[in-house]
Amino acid sequence: MKALNVTLISGLALLVIGCSTSEPTVNTTKQIVTLENGKQYSVPTGSSYTKAPVTDKHIQRYTEFGVKECKNGDITWEMYSVADAINVVMRSGTKEGGLTIYEKAAKEGTIGCASPLSN
C-alpha cells in the first residue's frame, strides 16, 4: 500500500511539473516546397498537408476554426503535433475534443492553408 501511495504521489508530481512548464514553441517560418497536382506550394517544415486543393466545404470549416486565409486552389497543412493530437482523439472512439484542438491550433498558427506559389 505504501509503495502504491509513493507511486501515485510521484506520478501526480510529474503531471504537475509537466503541465506547468512552458511548451516549446512551434516554428512555422521554416518552409519546404512541395509539388502537388502540378503546382508548387510552400508549407511549414514538420507539417502534414493535403494533396488535393481545398473545396468550399473545407474553406468554410477552416474559417469556423479561425483560419481566414484559405481560398480555392489552396492546400491545407497542420503541424505533426496537431495531427498527433487529432489521431489520439479519433482512436479514443469519440470526436469530442477535435474541434477544440483545431480551434486552438488556428489561434497558435499551427494549421493553415497554402496557396500555389505561381498560377
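Cys70 and Cys113 are both buried in this predicted model. Together they form a disulfide in which the sulfur atoms lie 1.7 Å apart, and a search of the whole structure finds one disulfide. Cys70 is also among the residues with the most contacts inside the largest nonpolar core.

**The disulfide**

- A disulfide is a covalent bond between the sulfur atoms of two cysteines.
- The link of Cys70 and Cys113 is right-handed, with 75° about the S-S bond.
- Cys70 belongs to the loop between α2 and β4, while Cys113 belongs to strand β5, so the pair ties together parts that are 43 residues apart in sequence.

**Overall make-up**

- The protein contains four helices and five strands, and from the N terminus its elements follow the order α-β-β-β-α-β-α-α-β.
- Of the 119 residues in the protein, 28% are buried.
- The accessible surface of the protein amounts to about 8300 Å², and carbon and sulfur atoms contribute 59% of this area.
- Among contacts in the protein with a separation of 6 or more, 58% are made by residues 24 or more positions apart.

**The three-stranded sheet**

- Three strands form an open sheet in the order β3-β4-β5, and their pairing is antiparallel.
- The edges are taken by β3 (47-49) and β5, each of which has a single partner strand, so one side of each is left without a neighbour in the sheet.
- On average, neighbouring strands of this sheet are turned by 30° against each other, direction ignored.
- Three bridges join β3 to strand β4 (residues 75-79) in the antiparallel sense; Ser48 stands opposite Glu78, and the bridge partner of Ser47 is Met79.
- Four bridges join β4 to β5, again in the antiparallel sense; here Trp77 of β4 has Gly112 of β5 as its bridge partner.
- Helix α2 packs on the sheet through contacts with β4 and β5, and its direction makes about 140° with that of β5.
- Helix α3 lies across β3, β4 and β5 and runs at about 85° to β4.

**Burial of β4**

- In a regular strand the side chains alternate between the two faces of the sheet.
- Both faces of β4 are covered, with Ile75, Trp77 and Met79 buried on one side and Thr76 and Glu78 buried on the other.
- Five of the five residues of β4 are buried, so this strand is largely enclosed by the rest of the structure.

**Nonpolar cores**

- In soluble globular proteins, nonpolar side chains tend to be buried together.
- The largest nonpolar core has 15 residues, and those with the most contacts inside it are Tyr62, Phe65, Val67, Cys70, Val82, Tyr102 and Ile111.
- Elements giving two or more residues to this core are α2 (56-65), α3 (80-91), α4 (98-108) and β5 (111-114); α4 gives the most, with four residues.
- A second, separate core has six residues, among them Tyr41, Trp77, Met79 and Ala114.
- Which residues does Ile111 touch, not counting those up to four places away in sequence? Its contacts are Tyr62, Phe65, Val67, Trp77, Glu78, Val82, Tyr102, Ala105 and Ala106.

- Tyr41 is located in strand β2 (residues 39-44).
- Is Tyr41 buried or exposed? Its relative accessibility is 1%, and Tyr41 therefore counts as buried, the cut-off being under 20%.
- Residues up to four places away in sequence aside, Tyr41 touches Ile32, Val33, Thr34, Glu36, Gly73, Asp74, Ile75, Ala114, Ser115, Pro116 and Leu117.
- Tyr41 and Leu117 are 76 residues apart in sequence, yet their C-alpha atoms are 5.6 Å apart in space.

Definitions and conventions. Residues numbered from 1 in each chain as written. Predicted model: local features only at pLDDT ≥ 70, side-chain atom pairs only at ≥ 80, totals over all residues. Heavy atoms only, no water. Core = buried A, V, L, I, M, F, W, Y, C linked by side-chain atoms within 4.5 Å. Buried < 20%, exposed > 50% of the residue type's maximum accessible area, 1.4 Å probe, protein only. Contact = heavy atoms within 4.5 Å. Pairing = 2+ DSSP bridges. Axes fitted to C-alpha atoms, helices over the stretch in contact; angles between N-to-C directions. Areas by Shrake-Rupley, 256 points an atom, 1.4 Å probe, with all protein chains shown as cover. Disulfide = S-S within 2.5 Å.
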